[in-house]
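Dear colleague,

Please find the structure below, handed over for your records. My notes on one helix and its surroundings follow it.

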Amino acid sequence: MLDKLKIYFTNEAGAINTLGKVALVLLYFIIAILVVKVIGLVISRLARKKYDKLRTIDAKRLKTVLSVLKSFATIIIIFTWFLSALRIFGVNTSAIITTAGIGGIAISFGAKSLVEDIISGIFLMLEDSFVIGDDITVAGKTGNVEKISLRTTTIRDYNGELHVIPNGEIRVVTNRNKNIQRALITVPIAYDADAQMAMDILTEALKKVDDDHAVIENVSVWGITDFNNNGVVISCAAKTVPGEQWRIERLMRQVALEELRRNKIKVLDKTFVINKE
């Protein structure tokens with residue numbers, strides 16, 4: 001069996017022919033892909049054991065770092081396969097590596113954006129600007145971070161659309177999952193309503209929200225903060241843990257609307273306006 005294979009893959013001198021070299025390159029490629037898969041599985045299993053022991057933020061950060069490490073390992077393995085393929089076909093890879101400095105200058109002009117994306121990806125990871133699972137706005141797109149690689153950041157917006165953004169295009173990051181967040185609602189009531197009574201009712205009613213586990217600082221009724229064509233606007237705010245501000249805002253609106261209606265305070269027909277910092 002082996003003798004028959006040698007006939008196809010070797011020449012008369014016993015050296016590997018072109019077909020044999022192609023087969024060997026393909027074999028190396030399959031091995032490289034398998035190594036990438038194995039490394040990914042090993043990293044995922046080791047990390048899974050630690051996720052439950054870490055705080056939510058630390059677990060997200062670990063997941064982000066591992067995602068970047070997988071990308072980096074993939075690049076190294078594929079590059080190694082590429083050099084091996086060149087050696088099989090008799091190319092002097094040592095000379096290629098030696099002249100990489102000169103070649104790098106030439107390539108940089110054609111691959112400037114690629115290099116910029118990778119460098120930006122490294123700094124994003126080191127600076128901890130955001131992690132997988134964060135709600136962010138970057139490059140004009142808003143959504144939850146699903147994947148971070150050396151070259152791109154993938155986010156899914158609230159409509160379910162997936163956006164793949166080159167890291168080099170990320171100039172400003174708005175992260176809604178960092179540090180303490182503020183839940184802020186504005187309650188519009190008619191001019192002929194008793195504003196002081198409305199504020200007293202809101203102050204008492206919104207104490208129900210203070211018991212929520214996500215509220216760090218109790219709800220504060222700021223008072224009349226604006227006027228519009230139909231009435232006055234009363235603002236209420238509370239400090240929350242990251243990522244919970246929207247739920248607390250919904251709860252505040254629900255409680256406010258129910259109590260004001262129960263006390264015959266006229267609330268404007270328009271939906272409460274949401275203000276974000």
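The buried residues of helix α7 are covered by elements that include β6 (181-190), α8 (207-210), β7 (215-227), β8 (231-240) and α9 (245-262); contact here means heavy atoms within 4.5 Å. Helices (H or I, at least four residues) and strands (E, at least two) are DSSP runs numbered from the N terminus.

This is a predicted model, in which local features need pLDDT of at least 70 and side-chain atom pairs count only at pLDDT 80 or more, while totals for chains, interfaces and linings use all residues. Residues are numbered from 1 along each chain as its sequence is written, and side-chain values use heavy atoms, with hydrogens and water left out.

Within α7 (residues 195-205), the buried residues are A195, A198, M199, I201, L202 and A205 (buried: under 20% relative accessible area, 1.4 Å probe, protein chains only). Seen down the axis of α7, these residues fall within an arc of 160°, so they line one face of the helix; the arc is that of the directions from the helix axis to the C-beta atoms.

The axes of α7 and α9 come within 10 Å and cross at roughly 130° (lines fitted to C-alpha atoms over the stretch in contact, with angles from 0 to 180 degrees between N-to-C directions).

E259, in helix α9, is buried, with a relative accessible area of 13%. Not counting residues up to four places away in sequence, E259 touches I201, A205 and K208.

With kind regards

Terms used
Buried means under 20% relative accessible area, exposed over 50%, partly exposed in between (1.4 Å probe, protein chains only).
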